[in-house]
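Q: Please take me through the terms used for this structure, and for each one set the value against the cut-off behind the word.

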Amino acid sequence: MIVSQFTSGGSAWPRISLVVGAGVVSAFQVGKAPAALAAVQGDLALSLAAASWLISAFAILGALAGAPIGLAVDRIGARTMAALGLLLQAAGSALGALSPGFTALLATRVIEGLGFLCLVVAAPALIAGLAPIQIRDRAMALWASFMPVGLTVIMLAAPLLSIVTWRGFWLLNASILVSYAMLLRWGLHPPPNHPRPYRKIHQDIGEALVSPGPWVLGGLFAAFSAIFFAVFGLLPPLLSQRLGVSNETASMLSALAIAASGVGNLVCGQLLARGFLPARLLHFSFGIMTLCGIGIFSHTLWAIASYALCVVFSFAGGLIPVVIFDSAPRQAPGPELVGVTIGFAMQGNNLGLIIGPAAASGLAGAFGWPMVSVAIVGIAFVAALLVLPFNKRQLTEAASGQSPLTRAGGRF
């Protein structure tokens, strides 16, 4: 067990919502870079390709340290790791506000990314311990909504940049993170201390490395994240160019489009609870995202039609994280390795966050925006191949009469 079921009596939803809120304020740190991209560019005299690394640098450590963070969660506890993650993000954001130049700012984004990884690996483990089995699908769907909710809120806050500057924006985020870390420690009482059998770290790593489940989830999350942030990481400048609106208006339009992803998260939770096969939901989501991605970067469509496709793209993308988080307990090599499996998935997510904006900005700068859609098609094809073994396993389990809810129950 990663974390004990430490809710006794009353509803689990308030505590689950508290954990989701920690994810939301952490997602602010992902979204503040796209929202402030133009302001940072102007202040530090950067090209679009260089400034896009403010998005990608956030994920550098996460692309390397996801599995080790998962092992740490399995050992020191999800509650402690979640609070540590919030404080690391706060430290990175505060130092970023004081950065004298671009290189130092990139370094602080790496610190923020490490804290973000600690939080998002620990949080699903916390929710698994908090949520009774009958609401776990919906709880995981609510958790997966943390990213679109956080991105939407932070982009809607873009007008603050003209008042506080981007450095003040960073300091404001640091204060929010510190406050929430204190709230999380106060609101989540420590679980009862149950003895666990001793396991060697190299044994856990070995089991995870030879099991296909963590690799498949990591690959799927990498593909999703690369496609999603290739579009939304650079959407404000794209909309500003295509629609001829200000940077603040472009950020607000991006926020509204991203909000559709949160709706997709919640819809996916209901679909999983009703017995829809995860692999089929993955095929549907990646297919719709690919078609929309081609249209978004096409010069032949009206600008308003491209924006409408952004909304559909976002909604379809909202299904994928829910499927991945919900499947982690079943794809883990064993019940004691759920944390490291989620770590693998988040490692893939961070790898995609590095590749997506950097590749999109490079292709757009060299060949124009339509070339970004070619990269999206290629990544989606790789994702479709990864779903094949996933699909085979799900069909086998469905034929044996094992429901997703039943399988999840023994894994957390």
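A: Two rings of Phe, Tyr or Trp count as a pair if their centres lie within 6.5 Å, and planes over 60 degrees apart make the pair edge-to-face. The model is a predicted one, and a search of the whole structure finds 12 aromatic pairs.

Q: Why is the pair of Trp 166 and Trp 170 called edge-to-face?

A: The ring centres of Trp 166 and Trp 170 are 5.3 Å apart, and their planes stand at 85°. Since a pair needs centres within 6.5 Å and edge-to-face needs an angle over 60 degrees, the two values together give the name edge-to-face.

Q: What makes Trp 166 and Trp 170 about one helical turn apart?

A: Both belong to helix H9 (residues 161-187), where they are 4 residues apart, and so they are separated by about one helical turn. Trp 166 and Trp 170 are both buried.

Q: Why are Phe 221 and Phe 325 called buried or exposed?

A: Buried means under 20% relative accessible area. Phe 221 has 3% and is therefore buried, and Phe 325, at 4% relative accessibility, likewise counts as buried.

Q: What describes the packing of helix H12 and helix H13?

A: Two packed helices are described by the angle between their axes and the distance between the axes. Helix H12 (residues 235-243) and helix H13 (residues 247-273) pack at about 115°, with axes 8 Å apart, and H12 passes H13 in a right-handed crossing. Among the residues making the contact are Leu 235 and Leu 239 of H12, with Ala 250 and Leu 253 of H13; by class, the contact has 6 nonpolar, 4 polar and no charged residues.

Q: Where does pLDDT stay under 50?

A: Residues 1-10 are one such stretch, and over residues 398-412 the pLDDT is also below 50. Where pLDDT is low, the predicted coordinates should not be read in detail. The protein chain averages a pLDDT of 80, and 84% of the residues score at least 70.

Definitions and conventions:
Residues are numbered from 1 along each chain as its sequence is written. This is a predicted model: local features need pLDDT of at least 70, side-chain atom pairs count only at pLDDT 80 or more; totals for chains, interfaces and linings use all residues. Side-chain values use heavy atoms; hydrogens and water are left out. Rings of Phe, Tyr and Trp (its six-membered ring) pair if their centres lie within 6.5 Å; planes under 30 degrees apart count as stacked, over 60 as edge-to-face and the rest as tilted. Helices (H or I, at least four residues) and strands (E, at least two) are DSSP runs, numbered from the N terminus. Buried means under 20% relative accessible area, exposed over 50%, partly exposed in between (1.4 Å probe, protein chains only). Axes are lines fitted to C-alpha atoms, for helices over the stretch in contact, and angles run from 0 to 180 degrees between N-to-C directions. A crossing is left-handed if the near helix is turned anticlockwise from the far one by less than a right angle, and right-handed if clockwise. Contact means heavy atoms within 4.5 Å. Ala, Val, Leu, Ile, Met, Phe, Trp, Tyr, Cys and Pro count as nonpolar, Asp, Glu, Lys and Arg as charged, and the others, Gly among them, as polar. pLDDT is the predictor's confidence in each residue, from 0 to 100.
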